[in-house]
2 protein chains.
Amino acid sequence: MDILNTTLKKITALDHALMLETQKRLDSLTKPQGSLGRLEELAKQITGITREKNPHLSRKVIFTLAADHGVTEEKVSAFPQEVTAQMVNNFLAGGAGINVLAKHAGAKVIVADMGVACNLTKKKGLISKKIASGTHNMAKTAAMSRDQAIRALETGIEIFEDEFKQGLDIIGTGEMGIGNTTASSAVTAVLTCHAVKEVTGRGTGIDDAALIHKITVIEKALKANKPDEGDPIDVLAKVGGFEIGGIAGIILAAAAHKIPVIIDGFNSGAAALIAYKLQPLAKEYMIASHESVEKGHAVILREIGLHPLLNLGLRLGEGTGAALALPLVEASIKILTQMASFESAKVSQRSPQ
Amino acid sequence: MDILNTTLKKITALDHALMLETQKRLDSLTKPQGSLGRLEELAKQITGITREKNPHLSRKVIFTLAADHGVTEEKVSAFPQEVTAQMVNNFLAGGAGINVLAKHAGAKVIVADMGVACNLTKKKGLISKKIASGTHNMAKTAAMSRDQAIRALETGIEIFEDEFKQGLDIIGTGEMGIGNTTASSAVTAVLTCHAVKEVTGRGTGIDDAALIHKITVIEKALKANKPDEGDPIDVLAKVGGFEIGGIAGIILAAAAHKIPVIIDGFNSGAAALIAYKLQPLAKEYMIASHESVEKGHAVILREIGLHPLLNLGLRLGEGTGAALALPLVEASIKILTQMASFESAKVSQRSPQ
């Protein structure tokens, strides 16, 4: 609990004076004021986060955390549980969506086992942080103990800090875990006070009957566990997942170390929600990459107060949306640092009206 | 007229058989079917356009066309006319938004003078294709002659083809011209049968009173010139602009040569609308990069049937939105050509439901 508390205390508000200065600089560049819209907001946010007048975003990392979910016993997913481990091997071999998109964005992928159900062969590049071989079936009992929930959060902090020591400018979050949209819907329902059916979608692609069943399973889990909506750690323990806790820890650590963090889709969003409820200031360090097809995601974004950069009908996870948004964030800083000013380019300012 | 007619005749439908094959390939990759949303649609479209199973998008060009507008006499813009020429020099010096964003996307910027009002010093990189020193004031008379309108279209085709000979895989469009949102609103009002006020916005940032004045000027221009809504060349001649005609020509030439074309914002959209009205099949070669703040843009996108990739509150033009969308289009092809399949990665397929 010490690591978590120290991290939470290190998170402060952004440098709003520098952000104002950044806006003035943006207004001096050869373009109508505000004409680059969200890009200008991003540039301001990044200077406010990093406390750098001219931030560099060269060292980019996507953290993809994997874990299994006991609730798959209830047949809530279109894919069998073994796919989690198989996809971890796919990540390590470089064949998954996140590998292709992270490479395209010039980012490294860090793959961590937070609680995959089977023993993964030790392979180069795999960070082994298994808390248990999957969570318990939340429809019957708590997904994990409170101690395990804290360990998941602190493990996320450790994973971030190990990488931070090697140098890091911006990160993205991602995950893999068959059954994890079931956990994320449960977390979202509790922490945003929404009915389960309002925050539950088709995950990897279940049909209508399976969706109704999934909603029933989540309702059963909430009834069985009674998670305390005022205690995010209790919610994570009772209906969350190891990778969700790990990502929440990574987000908090990024905020504590003044590193911008691009949040992927629904499962990363559930983790962001836990981070936000533990420390509302963490929100200022978050960039929402996209709005997922998974309906609970829009509810999360609204609750935290984030505005997604992309709306491309994505629902893959792994960090793919974060990787796709990365070039936009970099573009915002290049605008700030590389464009000519009206003065330097000898371009006339607007006429008085 | 021969160059234009030959180009229009060369535009054919996409290769729909190959697009079906691409969808099957996408479904075999290690991700839930359809989970990469718009990225999957883009990959299909690009194979359909290029007729290549594994398209390469390495040679990327943004065409930024500049011209002046006689209607600036009516004080429709927040910036003085001299800014068009000053910004051309800024493009050539590499200090504008489009330079920074095109470089970020790995694209070359081609700058052409289609009709800037003053004589630009001959500089390296400037393509001089001046049709006249700005259009006439459309509030009083036709912006240009029918012959000039055809020349603008055919000049765009030539500019594209000169670059195409050197090798080209994908292009984006952009423009610069103080007063050109006034022309684009007029073109949009006529070609989409909308009231002027429904398609007219603040351009570079005029206030409420200036906006009302701008609408009145456009209404006056339509009354004075009576452009024929069934004849896109007549509309271009009477209320268009040289850069708008040039971009329409570039779009048609790209479609004729089976090259995907990323359309920037409102002014590029007005050009796309003219291209679409001259040859509806050209639409299949277009990718809408973003939805501009300029309200007429949404009307254009709806009329053509395009769905923008980004909604970032942009209103700069120059090709900046096209440059920002370029990495997404490239990502779609990398997904198609670099991801592992369920079979190759030994990942289990979905369970029967």
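A salt bridge here is a side-chain nitrogen of Lys or Arg within 4 Å of a carboxyl oxygen of Asp or Glu. By that rule, the whole structure holds 30 salt bridges over all chains. The model you have open is predicted, so local features need pLDDT of at least 70 and side-chain atom pairs count only at pLDDT 80 or more, while totals for chains, interfaces and linings use all residues. Residues are numbered from 1 along each chain as its sequence is written, chains are lettered from A and ligands numbered from 1 in the order in which they are written, and side-chain values use heavy atoms, with hydrogens and water left out.

**Stop 1: a salt bridge in chain A**

Select A:Lys130 and A:Asp113: their closest N and O atoms are 2.9 Å apart, and the two form a salt bridge. This pair links distant parts of the chain, 17 residues apart: A:Lys130 sits in the loop between β3 (126–128) and α6 (146–164) of chain A, and A:Asp113 in strand β2 (residues 108–115) of chain A. Helices (H or I, at least four residues) and strands (E, at least two) are DSSP runs, numbered from the N terminus.

**Stop 2: the sheet of chain B**

Now move to chain B and colour its strands. Six of them make an open, parallel sheet in the order β3-β2-β1-β4-β5-β6; two strands pair if DSSP finds at least two bridges between them. β3 (126–128) and β6 (286–288) of chain B each have a single partner strand, so one side of each is left without a neighbour in the sheet.

Zoom in on β1 (residues 60–67) and β2 (residues 108–115) of chain B, which pair in the parallel sense over 7 bridges. Pick B:Thr64 there, and you will find B:Val111 of β2(B) opposite.

**Stop 3: the interface**

Show both chains again. Contact (heavy atoms within 4.5 Å) joins 56 residues of chain A to 56 residues of chain B. The buried area, meaning the accessible area (1.4 Å probe) that two parts lose on being put together, summed over both, is about 4,700 Å², with carbon and sulfur atoms giving 61%. How many salt bridges does the rule find across the interface of chain A and chain B? The count is 0.

To see the chain A side, select α3 (37–50), α4 (82–93), α5 (97–104), α13 (320–338) and α14 (342–345) of chain A, each supplying at least two residues that touch chain B. Finish on α13(A), which gives the most to that side, with 9 residues.
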